[in-house]
Amino acid sequence: PFKLGRPFGAPDAPDFQRRVLLTALKLLERTDGPILEDFPDQPPKSAESEGWACPVDFTQIKAPDEASALKAEIALLHPWYDEAGRKTGRRLDGLTKLAPETLADFLLAFRDNAEAASPLAGVPSLRAVKLAADDLKHFYYQSALARPGAIRDVQLADWFFGDTRMGDLFLQIRARYSASDNEALQRLATLQLVPGHQGHRKPKG
């Protein structure tokens, strides 16, 4: 359930990392494979997560509908996303090259209709959902990282899936299609949108 590049969880936490390793090795004793299991505990908090706060106040958003609320949320993050680009000195364009507002509209449409038209020419709808989700998460995460202060990867995911409307939209899509009879749709919903360490969350919307 940990971020790519941190297979044993939090840095500078040898006891936790040892438990992760021993748990993984115990899976080799199983005979009921194939096996896909998440480690049950979250990494311990560390000093690197201190000092960070969400760059914007989402409670100020007053919108007549969900689409408008999502676009208001994105608008509040845009200055921080631009700041991230200035800090790194490089462009932060995503995979789709589409505006986050356009991607948000597509995910909303897909939540309500799995056959929603892909906004990407020649790209199937399910693949477009994955690309759109990756780009939106990239936009939110880069915006958050522009804020002064250190933040751990799991804390960043906690913020996205716990405090933002966009993260909640991901949870709504997972909840709607996780039991789908369509195997590809079910796999997308359960494995590709929400990381394992956020699997306990339920949608608010």
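**Helix packing and core**

Helix 6 and helix 7 have axes that come within 8 Å and cross at roughly 140 degrees. Axes here are lines fitted to C-alpha atoms, for helices over the stretch in contact, with angles running from 0 to 180 degrees between N-to-C directions. Helix 6 and helix 7 are therefore oblique to each other; angles under 35 degrees count as roughly parallel, over 145 as roughly antiparallel, 65 to 115 as roughly perpendicular, and the rest as oblique. The crossing of helix 6 past helix 7 is left-handed, a term used if the near helix is turned anticlockwise from the far one by less than a right angle, with right-handed for clockwise. On the helix 6 side the contact is made by I173, R174 and Y177, and on the helix 7 side by L185, Q186, A189 and T190. Contact means heavy atoms within 4.5 Å.

This is a predicted model, in which local features need pLDDT of at least 70 and side-chain atom pairs count only at pLDDT 80 or more, while totals for chains, interfaces and linings use all residues. Residues are numbered from 1 along each chain as its sequence is written, and side-chain values use heavy atoms, with hydrogens and water left out.

The protein has seven helices and zero strands, giving the pattern α-α-α-α-α-α-α along the sequence. Helices (H or I, at least four residues) and strands (E, at least two) are DSSP runs, numbered from the N terminus. Of contacts between residues at least 6 apart in sequence, 66% join residues at least 24 apart.

Helix 5 and helix 6 form another pair, with axes that come within 5 Å and cross at roughly 75 degrees. Helix 5 and helix 6 are therefore roughly perpendicular to each other. Here F160, F161 and D163 of helix 5 meet R165, M166, G167, F170 and L171 of helix 6.

Buried residues (under 20% relative accessible area, against over 50% for exposed and in between for partly exposed, with a 1.4 Å probe and protein chains only) make up 39% of the 205 residues. In soluble globular proteins, nonpolar side chains tend to be buried together. A nonpolar core is a set of buried Ala, Val, Leu, Ile, Met, Phe, Trp, Tyr and Cys residues joined through side-chain atoms within 4.5 Å. In the largest such core, of 43 residues, L107, Y140, M166 and F170 touch the most other members. At least two residues of this core come from each of helix 2 (66–88), helix 3 (100–112), helix 4 (125–145), helix 5 (153–163), helix 6 (165–177) and helix 7 (183–192). Helix 4 gives the most, with ten residues. Apart from this core lies another of five residues, including A13, F16, V20 and F39.

Leaving aside residues up to four places away in sequence, F170 touches L107, A133, L136, F160, F161, L193 and V194.

Three further residues can be located. Q198 is in the segment after helix 7 and, at 0% relative accessibility, counts as buried. Not counting residues up to four places away in sequence, Q198 touches V154, A157, D158, F161 and R174. A84, in helix 2, also counts as buried, at 5% relative accessibility. A84 and A146 are 62 residues apart in sequence and 4.8 Å apart in space, C-alpha to C-alpha. K97 is in the loop between helix 2 and helix 3 and counts as exposed, at 63% relative accessibility. K97 has a positive phi of about 70 degrees, although it is not a glycine.
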